[in-house]
Amino acid sequence: MGFAFNGYAQDLLLEEEEQPQEENNCIPENLTTPWDSLANKPLNQDIRLVYNFGYEYFKNQSYKEALPYLWKVYLHDSSKYARAAVRKIADIYYLRGNVDSTLIICYRGLQQFPDMIRLHYYAGALQNRLGKFRCAIPHFEKLVESDSNNVNYVKTLAFLYFKADDERAVKYQERVTQLEPDNLEESERYAQYMNHFYGEGADLKIRKEAYLKDPENVDLAYKYAKVAVNSGAYEDAIEPISKVIEKKPTKAAYLLRAEAYESLNKNFKAINDYKAILKMDPKDVDIMLRISVNYRLENEFSKAEYWIKKALATKPGYGLAYITLGELYEAAVPYCQQQLKRKKTAYEDKLVYQKAYEAYKKAEKDPAFRSKARKKQEIIKPFIPTQEDVFMHKHDKIHSPCYQWIID
């Protein structure tokens, strides 16, 4: 059993908007109506005949004329005619947009006929329309119970649970995706619910399934790749984000793939992506510094220094560039010690640390990086030459071939 959603119910399927404050009392405080006076007047006619008069007017959309007959039937009967009458009264009020009257007849009717689906539908739709989504939930639970294959009922209940921060939203949205397996929008919603309730990365499987259904869809590919990277599934991210870059090469896409490559220690591939970004924006100093870091990780110190100098030429005094330079000097020391099979820190190693310290001092002049630069100085200060070191090695300089890029 089911019936189409009209304007009220369509609102239920929209993204969550700011709603009026939820009220505790779902049922109207006063369920009486002026029609109740008819209960004290004798019917004087067969109940079936009275109902037929009301039905004919209803059928011809003469709602004003239908209401007195239908109310008489409802107030004087307690069986099938009352059930039919209350449904049509609710239809009239709902179709005419009489919200208060619809809610009153719905809740009165549900007291007498608690499983009446039409009344649950109207009450649920209107409660949600009024922003009282928690009041709408029991009604849509009944609707789903009556017809678990009605996708509109199920997706609405899932959305109501989501608004109420109830993780049952995931269960019912999963059912929606089963009922509409090709609906990418609902698969996206399912992923969002998973991510919301179970944490970042919980939607990875769903994103992957959506992507595999339509691997040429750039939006799905990007979302899958992004979730994969955020979840640590870096290898899984490469294929979809590469497809995105083939079709729509944006800075965001290159950044995402570069991040995946970096995490996989494929630093040269990351460098290539960063260089592609620089073709789009030649003055992006942060990208220049990312290139430097990746060269440093590959022990290509001379190339790393080149990109730092390029960044400083583009943005003089940039604190992050000086910090990156200091980190480059620091990284060179253990590498060269290993290359030289040196077990102890030599004076020239300390001189390299001194250069790192001086780079951090320069970074301190940039207010945005002052705090970080000072912490870096504190950490490295014990490793720089002392006055005694300087006195004992007055004429010693950095000389090893491993440090040639510094000497030059």
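Here is a walk through the cysteines of this structure and how they pair up.

Before we start, keep in mind that this is a predicted model, where local features need pLDDT of at least 70, side-chain atom pairs count only at pLDDT 80 or more, and totals for chains, interfaces and linings use all residues. Residues are numbered from 1 along each chain as its sequence is written, and side-chain values use heavy atoms, with hydrogens and water left out.

So, how many disulfides does a search of the whole structure find? It turns up 2, where a disulfide is a pair of cysteine sulfur atoms within 2.5 Å.

Let's look at Cys 26 and Cys 135, which are joined with an S to S distance of 2.0 Å. This pair ties together distant parts of the chain, 109 residues apart: Cys 26 sits in the loop between helix 1 (7-10) and helix 2 (47-59), while Cys 135 belongs to helix 7 (residues 133-146). Helices here are DSSP runs (H or I, at least four residues), numbered from the N terminus. The torsion about the S-S bond is about -80°, so this disulfide is left-handed. Cys 26 is partly exposed at 25% relative accessibility, but Cys 135 is buried at 2%. Buried means under 20% relative accessible area, exposed over 50%, and partly exposed in between (1.4 Å probe, protein chains only).

Now find Cys 336 and Cys 402, whose sulfur atoms are 2.0 Å apart in a disulfide. Cys 336 lies in helix 18 (residues 319-339), and Cys 402 in the loop between helix 21 (387-392) and helix 22 (404-407). Both cysteines are buried.

What about Cys 106? Its sulfur is 13 Å from the closest cysteine sulfur, in Cys 135, which is too far for a bond.

Notes
Helices (H or I, at least four residues) and strands (E, at least two) are DSSP runs, numbered from the N terminus.
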